[in-house]
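I'll walk through the sheets first and then the helices.

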Amino acid sequence: MDLSVTLKGQTHDLKLKNPVLTASGTFGYGVEFAPYGDLAALGGIVVKGLSLKPREGNPCPRIVETTAGMLNAVGLQNDGVEVFCRDKLPHLPWRETPIIANMYATSPAEFGELAARLDGEEGVAALEVNVSCPNVKEGGVLFGQDPKLAAAVTAAVRKGAPRKHVMVKLSPNVTDIALMARSVEDAGADSVSCINTLLGMAVGGLSGPAIKPVALRCVWQAAQAVKIPVVGMGGIVSAEDALEFILVGAAAVQVGTANFMRPDSAFALAAELPAACERLGARSPAELRGALRMD
């Protein structure tokens, strides 16, 4: 069965051997999960959010289990882009599997600077732009809640990284996710991924199976609104879950919270996908993409 997917961007395409990627913040830098499966068997590896300088993140406790999910407020702890490029990236199978660098910054200019640093890294195939970040110069408003700010970040990353596929990760904490998707598409995004965590209380963002219905709705709305590919995530724990996202229009999916439940989840899902397609009478996931009709 042909599981390959090409995310056809406006500037750069991203070719995947299968539609299963990992979600940023749930798979470390990738190397930590090598004992649990073949990293090269995944469609892509999205590493934890990178910033220009190292970040300590939030104090503990910062992860709490909930019914059918989890709350997290890790605070984007990371070693910084230089340590990643020097010490982590060389140990990833970037020649066989696309490595996608998730990016965190606090201003469009800083996003552009970080993008420019990663643009020269041969082992980085794409950039995922986390617009669920506070714009410190605008009083802390989140980039992903203002279409003009999201577009400004996207344009800065596009300018800073002309050689990379640019994926923008959208937040569900907005009135109109379709508007946000169109704004970053118009600013030069090659694809969008959705959704980031839902705003929660007690600790932070809510993820896991509990948010899947919301995530499916957001992916459906984004896929109807833009011509660029949509990558779906939010509560995926099985191959059937992944195919639901593909049915509503996703070209690929990311596995996130499930990695905390079982560290081999992404590997198992990729292996189970062909059989799941066969049970639905499909010869590939691509046959099912966008097949849901709401008429």
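So, β7 and β8 pair in the parallel sense over 4 bridges, where pairing takes at least two DSSP bridges between two strands. Within that pair, I100 stands opposite A126 in β8. When I say helix or strand, I mean a DSSP run, H or I over at least four residues for helices and E over at least two for strands, numbered from the N terminus.

Before I go on, this is a predicted model, with local features needing pLDDT of at least 70 and side-chain atom pairs counting only at pLDDT 80 or more, while totals for chains, interfaces and linings use all residues. Residues are numbered from 1 along each chain as its sequence is written, and side-chain values use heavy atoms, with hydrogens and water left out.

Which sheet do these strands belong to? It's an open sheet of 8 strands with parallel pairing, in the order β3-β14-β13-β10-β9-β8-β7-β4. At the edges you've got β3 (20–22) and β4 (45–50), each pairing on one side only. On average, neighbouring strands here are turned by 30 degrees against each other, direction ignored. For angles, axes are lines fitted to C-alpha atoms, for helices over the stretch in contact, and the values run from 0 to 180 degrees between N-to-C directions.

Staying with β7 for a second, α2 lies across β4, β7 and β8, and runs at about 160 degrees to β7. Contact, by the way, means heavy atoms within 4.5 Å.

Next along is β9, residues 165–169. β8 and β9 are parallel too, over 5 bridges, and E128 has M167 as its bridge partner. On to β10 (residues 191–194), which β9 pairs with in the parallel sense over 3 bridges, and there V168 stands opposite V192. The chain gets from β9 to β10 through helix α4 (residues 177–186), and that β-α-β crossover is right-handed. That's to say, with the strands pointing away from the viewer, the path from the first strand over the helix to the second runs clockwise.

How covered is β9? 5 of its 5 residues are buried, with buried being under 20% relative accessible area, exposed over 50% and partly exposed in between, using a 1.4 Å probe and protein chains only. H165, M167 and K169 point one way, and V166 and V168 the other.

Now α3, residues 147–160. Its 14 residues should span 20 Å at 1.5 Å a residue, and the end C-alpha atoms are 20 Å apart, so that agrees; the expected span is 1.5 Å times one less than the number of residues. Its buried residues include L149, V153, V157 and R158, and among the elements covering the buried ones are β8, β9 and α4. At the start of the helix, a side-chain oxygen of D146 comes to within 2.8 Å of the backbone nitrogen of K148.

Over in α6 (residues 239–247), A239, D241, A242, L243, F245 and I246 are buried. The cover there includes α5, β13, β14 and α8. Just after α6, G249 takes a positive phi of about 125 degrees.

β5 joins β6 (residues 69–72) through 4 bridges, with T66 opposite G69.

Conventions. A polar contact is a pair of N or O atoms within 3.5 Å; within protein, one must be able to donate a hydrogen and the other to accept it, and residues adjacent in sequence count only if both atoms are side-chain atoms.
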